[in-house]
Amino acid sequence: MSSYDPPTPPPPGGDGAAGGDVPPPPPPPPPSYGGATPPPPDYGNAAPPPPPPPGGAYPPPPGGGFPPPPAPGAYGAPTPGSGWDLGTAFSFGWNAFTKNAGPVIGAFVLGIVVYGVLVGLGTVLRLAVGDSLIAQLVGQGLSLGFYTIAGTIVGGLFAQAALPVADGQKFEFSRFTDFSKVGDLAVVGLISGAITLVGTILCFLPGIIAGYLLSYAAYFVVDQNLSGVDALKASFEFCKNNLGSTIVWWLLSSIVAGLGICLCGVGVLVTAPIALFGTVYTFRVLQGRPVVMPS
């Protein structure tokens, strides 16, 4: 009697060439929640995507994201010398005059009287020094000194009353009669007069240039409480740093103020204050300071 031996199964991992069944592939591992997502199946031998960054984080956007906000105080910060306009300067001068015509004309009439007294004193001194050549030169120097001192004092007092108008205030006659800064104004007039005289002797044109460069010294005295010497230095720097605007205004405002003299002299009570108020506007705006239009 013969015995029956069952067939030996193929070894594991065989290719089933002998006709055996191929075991099914193992199931995929369960998903790992909170971890990285496994790559998709390799359909068509496509290149696998790059691996995610460690921990699931993503790099910041290129360029560091949004730019930081500007530093405090940088919003709308004024730039010195910006915003000046010739038409606005004359408009400010006209509005400031028409809104304050009474006290402005009163102050200007008083200023003419003060100027006349100081100039007359200079004339008396010039005539009293004698007839010699040296005496005449000294007399002319004294006379010119009184001219410039008188003009600087009167112009500075007017500026002292006019500058608050740029802040929205009224022109007050009492500010014009505040003589607390007359000493520094006299120093400005004396030094600027001497410099202008020397410049005039040196072919005339340097004297005109000096008068222009020092024309804002009185404003620095009454507005920023500078001494006479420091105010002269500040005026020089101010004109140098705002050359185009200050030259244009200096020339045109001088022409406008002079037109009043041509109108029988009375028109200067209107044209000169307009020019002076426009100078207040120019002085403030070219420093980057706000100006309130009179209303």
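In this predicted model, the buried residues of helix H9 are Ser-245, Thr-246, Trp-249, Ser-253 and Gly-260. They cover an arc of only 85° around the axis, which places them on the same side of H9. The cover over these buried residues includes four helices: H1 (86-99), H6 (205-213), H8 (228-241) and H10 (268-285). The face of H9 turned away from the buried side carries Ile-255, Ile-261 and Cys-262, which are exposed.

Helix H9 spans residues 243-262, 20 residues in total. Its first and last C-alpha atoms lie 29 Å apart. That is close to the 28 Å expected at 1.5 Å a residue. Just after the helix, Cys-264 adopts a positive phi of about 60°.

Thr-271 is found in helix H10. Its relative accessible area is 13%; because buried means under 20%, Thr-271 is buried. Beyond residues up to four places away in sequence, Thr-271 touches Val-256, Ala-257 and Gly-260. Of these, Gly-260 is itself one of the buried residues of H9.

Cys-239 sits in helix H8. At 0% relative accessibility, Cys-239 is buried. With neighbours within four places in sequence left aside, Cys-239 is in contact with Tyr-212, Leu-213, Ser-215, Tyr-216 and Thr-246. Thr-246 belongs to the buried set of H9. Cys-239 and Tyr-212 are 27 residues apart in sequence. In space, their C-alpha atoms are 8.0 Å apart.

Charged pairs were considered next. Side chains of opposite charge can pair when their charged atoms come close. The structure holds five salt bridges. One of them joins the side chains of Arg-284 and Asp-223, at 3.8 Å from N to O. This pair links distant parts of the chain, with Arg-284 in helix H10 and Asp-223 in helix H7 (residues 217-224), 61 residues apart. Arg-284 is buried, at 4% relative accessibility.

Asp-223 also forms a salt bridge with Arg-289, where the closest N and O atoms are 2.7 Å apart. Arg-289 lies in the segment after H10 and Asp-223 in helix H7, so this pair ties together parts that are 66 residues apart in sequence. Arg-289 is partly exposed, at 28% relative accessibility. Arg-284, by contrast, counts as buried. Both arginines belong to a network of salt bridges that links Asp-167, Asp-223, Arg-284 and Arg-289.

A further salt bridge joins the side chains of Glu-237 and Lys-240, at 3.0 Å from N to O. Both residues lie in helix H8. They are three residues apart, about one turn of the helix. Glu-237 is partly exposed, with a relative accessible area of 34%. Lys-240 is partly exposed as well, at 43% relative accessibility. Helix H8 thus carries this pair and also the buried Cys-239.

At the level of the whole chain, the predicted model contains ten helices and zero strands. The pattern along the sequence is α-α-α-α-α-α-α-α-α-α. Of the 295 residues, 30% are buried. Among contacts between residues at least 6 apart in sequence, 72% join residues at least 24 apart. The accessible surface of the chain comes to about 18000 Å². Carbon and sulfur atoms account for 70% of that surface.

Key: Residues numbered from 1 in each chain as written. Predicted model: local features only at pLDDT ≥ 70, side-chain atom pairs only at ≥ 80, totals over all residues. Heavy atoms only, no water. Helix = DSSP H or I, 4+ residues; strand = E, 2+ residues; numbered from the N terminus. Expected span 1.5 Å × (residues − 1). Buried < 20%, exposed > 50% of the residue type's maximum accessible area, 1.4 Å probe, protein only. Arc of directions from axis to C-beta. Contact = heavy atoms within 4.5 Å. Areas by Shrake-Rupley, 256 points an atom, 1.4 Å probe, with all protein chains shown as cover. Salt bridge = Lys/Arg side-chain N within 4 Å of Asp/Glu carboxyl O.
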